[in-house]
Every structure is written in structure tokens, then in C-alpha cells.
Amino acid sequence: MKRAELETWLEILGRAWEKGDADLAASLFDPEVSYQENPLEPPIHGLEAVRRYWQESLSTQQEVKFSGHVLAVDGNVGVVNWKVEFVRVGSGEKVQLDGVSVGKFGAWGKPVLWQEWWHKLEHNG
């Protein structure tokens, strides 16, 4: 994995998030991916589970703005920082997320292992 490849991968993930495109987001991961959204919960496995996760998450978000950058690349492991702002559907609450993710990338340039650590700030209006 080269830094430029991870930057491109992250840009596509950001576009998928901003457009609410769960299919595009899921397509970035290996079909056998182990995806751990919360380090205290067991990971989800496989592309369909990842697609469902993204569909459920994105259905609650509107006016999404994404930014991110690569922190490190070492062999097939990449580390990224990402920030997302959105308005929660229904309540109108503004939400900010700031996260770090670590991915182990397989032969096809897609993560076979994905782990996230993030914090959330929510506020009305």
C-alpha cells in the first residue's frame, strides 16, 4: 500500500459518506473484511454486513461534510484520521465525529481488517 493509494481510497470513502452511498462505501472493503466500528464490541464480518452497517448509519445523516488525511502507511497497514459533520435526520441535531481508523489492506487494495476509534459531539441547532 502506497500513501497515494490510501489517500485515493479515503477520498472515495469521503465521497460515499457525503452522498449517502452505502454501496460505494461497502465496495471499498474486501468481501471477507472484519470491520470493528467500536473496539469494545465484536467486529462485523463480510461485505453484506458492512453494507447494512453503512445503510443504517447513513440513513440517519444529512448535510454530510467529510475530511480526512493519511497519518501513516507501513507495508499493507494504513492509518487515517477522518472528521465528519452532519445533521441528524428527524431531530436536526448537529453532529461532529473525529476518528482514527487502522486498516490492513489485502492484495486488491481493500481492507481485510478495519478498526475505528472515534468521538462524537452532538448539539442542537
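Arg3 is partly exposed, with a relative accessibility of 41%. In this predicted model, the side chain of Arg3 forms a salt bridge with that of Glu7, at 3.8 Å from N to O. The cut-off for such a pair is 4 Å between a side-chain nitrogen of Lys or Arg and a carboxyl oxygen of Asp or Glu, and by this rule the model has six salt bridges.

Both residues belong to helix α1, which covers residues 3-19, and because they are four residues apart in that helix, about one helical turn separates them. Glu7 has a relative accessibility of 35%, so the residue is classed as partly exposed. Side chains of opposite charge can pair when their charged atoms come close.

## Salt bridges between elements

Asp23 and Arg51 form a salt bridge through their side chains, with an N to O distance of 3.1 Å. Asp23 sits in helix α2 (residues 22-27) and Arg51 in helix α3 (residues 47-58), so this pair ties together parts that lie 28 residues apart in sequence. The two ends fall in separate accessibility classes: Asp23 is partly exposed at 45%, whereas Arg51 is buried at 18%.

Another salt bridge joins the side chains of Asp98 and Lys83, at 3.5 Å from N to O. Here too the pair links distant parts of the chain, with Asp98 in strand β5 (residues 94-105) and Lys83 in strand β4 (residues 77-88), 15 residues apart. Asp98 has a relative accessible area of 34% and is partly exposed; Lys83, at 39%, is also partly exposed.

The six strands form an open, mixed sheet in the order β2-β1-β6-β5-β4-β3. Its edges are β2 (44-45) and β3 (61-74); each has a single partner strand, so one side of each has no neighbour in the sheet. Strands of a sheet pair through backbone hydrogen bonds, either parallel or antiparallel.

β4 and β5 are antiparallel and pair over eleven bridges. Within this pairing, Lys83 has Asp98 in β5 as its bridge partner, and these two residues are also the ones whose side chains meet in the 3.5 Å salt bridge. β3 and β4 likewise run antiparallel and are joined by eleven bridges. In that pair, Asp74 is opposite Val77 of β4. The two strands make a hairpin with two residues between them, and Gly75 in the turn has a positive phi of about 65°.

## Nonpolar core

The largest nonpolar core contains 27 residues, and Trp9, Trp17, Phe29, Trp54 and Val84 have the most contacts inside it. At least two residues of this core come from each of α1, α2, α3, β3, β4 and β5. The most comes from α1, which supplies six residues.

With neighbours within four places in sequence left aside, Trp17 contacts Trp54, Leu58, Gln61, Val64, Phe66, Trp82, Val84 and Leu97. Among these partners, Trp54 and Val84 are also listed with the residues that have the most contacts inside the core.

## Overall fold

The protein chain has three helices and six strands. Read from the N terminus, its elements follow the order α-α-β-β-α-β-β-β-β. Residues 24 or more positions apart account for 52% of the contacts with a separation of 6 or more.

The chain has 125 residues, for which a compact globule would have a radius of gyration near 14 Å; the chain has 14 Å, so the two agree. The C-alpha trace spans about 45 × 25 × 25 Å along its principal axes. Of the 125 residues, 34% are buried.

Note on methods
Residues numbered from 1 in each chain as written. Predicted model: local features only at pLDDT ≥ 70, side-chain atom pairs only at ≥ 80, totals over all residues. Heavy atoms only, no water. Buried < 20%, exposed > 50% of the residue type's maximum accessible area, 1.4 Å probe, protein only. Pairing = 2+ DSSP bridges. Core = buried A, V, L, I, M, F, W, Y, C linked by side-chain atoms within 4.5 Å. Contact = heavy atoms within 4.5 Å. Rg over C-alpha atoms; globule rule 2.2 N^0.38 Å.
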